[in-house]
Amino acid sequence: MDFTLTDEQEMLRSAIAGYLGARYDLEKSRAAAKSDAGWQPAVWRGFADELGILGATVPERVDGTGGGPVELMVIAEELGRALVVEPFVDTVVLGAGLLERSGGEQADAVLRRIVTGDARVAFAALEPTSGATPHDVSTTARRDGDAWVLDGEKTVVTSAPLATDLLITARTSGERRDKAGISLFRLEFDASAPPAGVEVHTYRTIDDRTAADLVFTGLRLPADALLGTESDGWSVIEPTIAEATAAICAEAVGCMRKVLADTIDYAKQREQFGQPIGSFQVLQHRMVDMYIELEQAIAAVHLAVHSLRASTDDRARAVSAAKVTVARAARFIGQNAVQLHGAMGMTEELAIGHYFKRLTAIEYEFGSTDEHLARYAALTRP
């Protein structure tokens, strides 16, 4: 497999790194994350107007630039390196991916708003009893005249407090865990003034992101709120979640690159017994082990990204392999970085603690290590 980026992809990487290096201050972003707003709208506007990354992987027919999985990997990795909290994956990968695969005039209109930075999307899929299984759907949608009526609960809907549009899974036929029978609906949304029939409980996650739990009670939606084909939502959801999982794995690689670099720099400066701790052989070995874990994660992410357009089983195997490899590397690199920094590694003043929290969250996002390991084993069983 060729890991070499094209000249255009390298230019994309350099442009994002330069922009974030000059304008995305970690201390300022953490303060914004802890504020009532929870993000920096000006940064999001810059992503649209100056960098153009909100449309980088969106089709040209809706004003995007039509980039592919490798461009997505490059963007996600650089956002991870800068520890960006703005909802790129939720909006551009999950949201745009679901809308593009669903098709229709309504979906195209939202896609154009995503490209311009005017739309932010949250995907309401998980439920209190579903764990990390997105096809375990108890929320129901039934027809009532020319409308749909939704009833149910969604939990940990990341970026919902920032969203202008919600994409909601609801069961229109079948049993609770069936992959068939799931439909996808769009709801115009404002968490500060939710529509009738929606109860919103917002909170901040451990990695300084925004999320909400939602309760739908007799929520009425117009007939055209249905995206795609009724009861065939899983054919749209499965490849989109695979793409989003690969994206957060790439984001984790960016985080780990930064964590390892900061740890090496610290080991060169921190002195003990009259010499830098980086001169101690046992710590050198520890940092080499961290480097090896990072390289394995990078290789796994490349495999997953290059498999996103493969068959369903090949894609699932590669994505699960990447998720397991990245989760293991994230834990090893994060824990050792904190240990090598000592107690100050978990303070708010140092970047290491913030990166470690994000890496810990990624370990469980879109399925835990055990869940992906089990899926990989099932897909490779003779």
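So, H4 and H7 sit oblique to each other, where oblique is what's left once you take out roughly parallel (under 35 degrees), roughly antiparallel (over 145) and roughly perpendicular (65 to 115). Before I go on: this is a predicted model, with local features needing pLDDT of at least 70, side-chain atom pairs counting only at pLDDT 80 or more, and totals for chains, interfaces and linings using all residues. Residues are numbered from 1 along each chain as its sequence is written, and side-chain values use heavy atoms, leaving out hydrogens and water.

Back to that pair. H4 is residues 69–81 and H7 is 234–269, and they pack at about 45 degrees with axes 7 Å apart. The crossing is right-handed; that's the near helix turned clockwise from the far one by less than a right angle, with left-handed being anticlockwise. On the H4 side the contact (heavy atoms within 4.5 Å) includes Leu72, Met73 and Ala76, and from H7 you get, among them, Ala247, Ala250 and Val253. By class that contact has 7 nonpolar, 2 polar and 6 charged residues.

Now, what does H7 do with H9? H7 and H9, residues 312–341, pack at about 25 degrees, axes 9 Å apart, and they are therefore roughly parallel. This crossing is left-handed. Among the residues meeting here are Ile248, Cys249 and Ala252 in H7, and Val326, Ala329 and Ile333 in H9.

Next, helix H2, residues 26–33. Its buried residues, buried being under 20% relative accessible area with a 1.4 Å probe on protein chains only, are Ser29, Arg30, Ala32 and Ala33. Down the axis of H2 they fall within an arc of 160 degrees, so they line one face. They pack against strand E6 (198–204) and helix H10 (351–364). On the other side, Glu27 and Lys28 are exposed, meaning over 50%.

Most residues other than glycine have a negative phi. Ser159, though, has phi near 70 degrees, and Ser159 sits in the loop between strands E3 (147–158) and E4 (165–171). Is Ser159 buried or exposed? At 8% relative accessibility, Ser159 counts as buried. Asp208 also has a positive phi, near 65 degrees. Asp208 is in the loop between E6 and strand E7 (210–222), and at 5% relative accessibility Asp208 counts as buried too.

Technical notes. Axes are lines fitted to C-alpha atoms, for helices over the stretch in contact, and angles run from 0 to 180 degrees between N-to-C directions. Helices (H or I, at least four residues) and strands (E, at least two) are DSSP runs, numbered from the N terminus. Ala, Val, Leu, Ile, Met, Phe, Trp, Tyr, Cys and Pro count as nonpolar, Asp, Glu, Lys and Arg as charged, and the others, Gly among them, as polar. The arc is that of the directions from the helix axis to the C-beta atoms.
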